[in-house]
Amino acid sequence: MKKKKFVGLTALLPLALFEFVSLPVYAEVTDVQTVDTSIEETSAECEVIYKSTYDFSEEIPKYPELEVMASGYEGVYDGKSHGITVDCKTEGATILYSTDGKTYSAKKPEYTNVGTYVTYYKVEKDGYTTTLGSAVVKIKEAMIEFDADDCIVFYDGKNHSIEMDVKTDDCKILYSEDGINYSSKKPEYKEPGTYVVYYKIMKDNYKTVTGSSTVTIKEKDSAVNNNRQNNNNQKNNSQNSGQVDGNADAGISRVQTGDESHIFFYAVLLIASAFGLLKNRNREEKRKL
């Protein structure tokens, strides 16, 4: 009898386990669906409350502004150093400088050579809003002072070239006969003709100067003929001047001599007239007697 009872219980055990497992699984699925719905509704309610209740702008501190004035520099190269100017009227403020806008220091950058330079600045003080900005330093090229003259001579068998007088010190002067290929050797010419010499004057931080002048060498025969012509002209002028002066003197003498003769003639006429009148008067008196 005992053996049969054990077998009966064993046969019921699988059925009991199946019922036990099925019921909890169904209940768990139902609970998860309910929780998902409630979470969505709760999130929506929280979002509405958050937007309508909190204003973080009221929590951001409002610091006063620093009174900062900044200016750049622009001028012609003068060999001196130049930088931007930054001034803060608020006492105790710290002014920092940078050449890249990233790394700042208290040393202000200054520039000497020609170019355009950007300097960034930062002004800060505890309890104030930090001020950031930038300014420009612009240095222009200076002008080279010089004189260039043509050369005009008569052939004398010597070498001649253009005249250059550069007043700016330490300049580099280059010459060319075609305006393309330059060298430091200045061209010189001896034979008659007209020659063009190109020049280029350079110096760091100065504007390069380019130009040209001419060398004119006239033939020697022309010079001799010109000298002879000049001498002849001078001689002729001297002779003409002498003739004019002589004629003028002769004219003056003639005028003076003529004037003296006329004066003497008039004097004689006056005396003769007086004598005639006196004689006629005597005759009239004798007739009356």
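Predicted model: local features only at pLDDT ≥ 70, side-chain atom pairs only at ≥ 80, totals over all residues.
Thr131 is buried, with a relative accessible area of 16%, where buried means under 20% relative accessible area, exposed over 50% and partly exposed in between, computed with a 1.4 Å probe on protein chains only. Residues are numbered from 1 along each chain as its sequence is written, and side-chain values use heavy atoms, with hydrogens and water left out.

Thr131 is found in strand β6, which covers residues 131-140; helices (H or I, at least four residues) and strands (E, at least two) are DSSP runs, numbered from the N terminus. Not counting residues up to four places away in sequence, Thr131 touches Leu66, Val68, Tyr121, Lys122 and Val123, a contact being defined by heavy atoms within 4.5 Å. Val123, one of these partners, lies in strand β5 and counts as buried at 0% relative accessibility. With neighbours within four places in sequence left aside, the contacts of Val123 include Leu66, Val68, Val86, Cys88 and Ala93, as well as Thr129, Thr130 and Thr131. Val123 and Glu67 are separated by 56 residues in sequence, and the distance between their C-alpha atoms is 9.5 Å.

Strands β5 and β6 belong to an open sheet of 4 strands, in the order β2-β6-β5-β4 and with mixed pairing; two strands pair if DSSP finds at least two bridges between them. The edge strands of this sheet, each pairing on one side only, are β2 (73-76) and β4 (94-98). Neighbouring strands of the sheet are turned by 20 degrees against each other on average, direction ignored, with axes taken as lines fitted to C-alpha atoms, for helices over the stretch in contact, and angles running from 0 to 180 degrees between N-to-C directions. Strand β4 is joined by 5 bridges to strand β5 (residues 115-124), the two running antiparallel, and Tyr97 stands opposite Tyr121 in β5. In general, strands of a sheet pair through backbone hydrogen bonds, either parallel or antiparallel.

Another open sheet of 4 strands has the order β8-β12-β11-β10, and its pairing is mixed. Its edge strands are β8 (151-154) and β10 (172-176), each of which pairs on one side only, and its neighbouring strands are turned by 20 degrees against each other on average, direction ignored. Strand β10 pairs in the antiparallel sense with strand β11 (residues 193-202) over 5 bridges, and the bridge partner of Ser176 in β11 is Tyr198.

The protein chain as a whole has 2 helices and 12 strands, and buried residues make up 17% of its 289 residues. Among contacts between residues at least 6 apart in sequence, 53% join residues at least 24 apart. The accessible surface of the chain comes to about 22500 Å², of which 53% belongs to carbon and sulfur atoms; accessible areas come from the Shrake-Rupley method with a 1.4 Å probe, and for residues only the protein chains shown count as cover.

The mean pLDDT of the protein chain is 77, and 57% of its residues reach 70 or more, pLDDT being the predictor's confidence in each residue, from 0 to 100.
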